[in-house]
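The sequence and structure come first.

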Amino acid sequence: MADMRRHGGVPSGCIEVRGCVTRSPSSYRPCSRCRSCRACTSKVEPLVSTVVPGPGNPHPPAPGRSRWALPVLLSAVLVTTLDFFVVNAALPAIERDLDAGAGALRMVVAGYGLAYAAGLITAARLGELYGQRRVFLVGVALFTAASAGCGLAADAAWLVGFRVAQGGAAALMAPQVLVLIGVLYPAGAERARAFGRYGATVGLAGVSGQVVGGLLIAADPVGLGWRACFLVNLPLGVAALVSTPRSVPAPGPAVRSRGALDPVGALLIAVGLGCAAWALLRGGAVSGQLPCILGAIGAAVVLARQQRGRVRAGRRPLVDPTVFRQRGFPAGVAALGLLFGTSAALSTILPLYLQLGCGYGPLASGAVAASINVGFLGAAAGTGRCCGRFGDRLPTAGALLLAAGIGAAGCATATGTVAVLSMGLLVAGAGMGLVLAPLTSAVLVGVGPGRVAAASGVIGTAQEMGGVLGGASATSVFFALLGDERADARWEIAFRGSVGVLVLFGLGVAVLAALHRRRGAAGSRTVAVTGRVPTATRTESSGP
């Protein structure tokens, strides 16, 4: 691509915002980076900026990139992911304060995840149409407002409604972050490290929810109690609104096309995900869940037919099918979704067991859960050295360690010692740290630059639905084993039974990670392990 004679005089190191220059070599305009001429192929719909490497300029930085850009974007990821988990520590206090029933408490958790998952793919398309930074800022503003509504809710119904709005606003932000990272770090080991930090941030937020929630409730600032878990987002949101325009450069403008948005497809996704989640949330006999199960299957079938119809009509599908043709991508996405479900389930049943079954307060419960954070941070800091020893087998080894740690935590109830429970959680957290960042980096780097937007929506949807379904399945097992009497002995039985489900989840993550390694493209494995990007990955056109 750096051949000037073949591409009409486009110099090496020139950024291509519009697609492959071979499609329209006759029209040029100044490059925003090197001020030399480059091709303007506006007929090709762009997805993300890519860089044509050349001698002396292999991976030039994105124009206007600030050193604060990545921290600002990752802080949004931290807050939106943390809000899925932080409410778990506040559920007992919410139940007492708002007189909320079991169904309302489940929807406080699941409503956020459902809205988040249902809106991610459409949000990725909105970013392509109207600009990722603009949609990101709209999401930050709405998320901040919805957080204020949650903190001021007068009853459980209002809290559930604002939680759904909060999840929808978070969905507007999440896919834009991944695309903006792809623009800021177009290729090379720097891009792999940025995606690795993204994965580490998601994991840290996932395992920190109980600790942060317990600290906020115990601190009780200005007598806010559980409401502080939501109102703390207000200053963070205002800071993001002020700092983002100054630190994060906007990608090139997108070309709008007729019918680019697909409201019918978005509605079918929401219906399918909602039916699948509700079948687990309501529990009960299989006969009572059958309508929801059939609704989810029916929505999936209709969505597949509707998307194929859009392709035949020459219109862009809501879900880009070419993303799933990337070798290893489906297995990697499934592994990340199941890993997120394991983390969400553990974060849900652990405070229930410690606070309601063992009589711990929010702060003491958070202190026990802090073992997960310690293990995660320690393992995440050593992934570089571990990659040198285990190579691309590291996520599989980490998932096996996760399953072993969760199993040890379940066995700790027999000894009755907090030390054994904390040690098991420490090992489980280390397993998460060894899986999340390397696997996320491998899955994202293995996707072509032009498909990052579509891939981000799919990955985010899988993670959030994994969290909702994982948490719902574990709590269903927990309360089914607990029974209505809630005798002291039943709490240990319920905890062990639900932990057994999580051990199976961890083993499933190991199998899927191994499948991704075997089927994944060589470029994904090389970047994740060594930081070197093959030529084919670096020079892929941004056009589909």
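## Helix pair α10 and α14

Axes here are lines fitted to C-alpha atoms, for helices over the stretch in contact, and angles run from 0 to 180 degrees between N-to-C directions. The model is predicted. In it, the axes of helix α10 (residues 329-357) and helix α14 (residues 418-445) cross at roughly 155° and come within 11 Å. Angles over 145 degrees count as roughly antiparallel, and α10 and α14 are therefore roughly antiparallel to each other. Their crossing is left-handed.

On the α10 side, the contact with α14 is made by F329, G332, V333, A335, L336, L339, S343, L346, L350 and L354. The residues they meet in α14 are L421, L425, M432, V435, L436, L439, T440 and V443. By class, this contact holds 15 nonpolar residues, three polar and no charged.

## Helix pair α5 and α11

Helix α5 (residues 189-219) packs against helix α11 (residues 362-381) at an angle of about 160°, and their axes are 8 Å apart. That angle makes α5 roughly antiparallel to α11. The crossing of α5 and α11 is left-handed.

From α5, the contact draws on A200, G203, L204, V207, S208, Q210, V211, G214, L215, I217 and A218. Facing them in α11 are P362, L363, S365, G366, A369, A370, I372, N373, F376 and L377. The contact of α5 with α11 divides into 14 nonpolar residues, seven polar and no charged.

## Helix pair α1 and α4

The axes of helix α1 (residues 69-98) and helix α4 (residues 156-184) cross at roughly 160° and come within 9 Å. The two helices, α1 and α4, are therefore roughly antiparallel to each other. The crossing of α1 and α4 is left-handed.

In α1, the residues in contact are A69, L70, L73, L74, A76, V77, T80, D83, F84, V87, I94 and L98. Their counterparts in α4 are A156, L159, R163, Q166, A170, M173, V177, L180, I181 and L184. This contact of α1 with α4 comprises 18 nonpolar residues, two polar and two charged.

## Helix α2 and its end

Helix α2 (residues 102-130) has 29 residues. From its first C-alpha to its last, α2 reaches 40 Å, close to the 42 Å expected at 1.5 Å a residue.

Where does α2 bend? The bend is at L120 and amounts to about 45°. Just after α2, G131 takes a positive phi of about 100°.

Key:
Residues numbered from 1 in each chain as written. Predicted model: local features only at pLDDT ≥ 70, side-chain atom pairs only at ≥ 80, totals over all residues. Heavy atoms only, no water. Helix = DSSP H or I, 4+ residues; strand = E, 2+ residues; numbered from the N terminus. Expected span 1.5 Å × (residues − 1). Bend = angle between axes of the 7 residues up to and from the residue. Parallel < 35°, antiparallel > 145°, perpendicular 65-115°, else oblique. Left-handed = near helix turned anticlockwise from the far one by under 90°. Contact = heavy atoms within 4.5 Å. Nonpolar A, V, L, I, M, F, W, Y, C, P; charged D, E, K, R; others polar.
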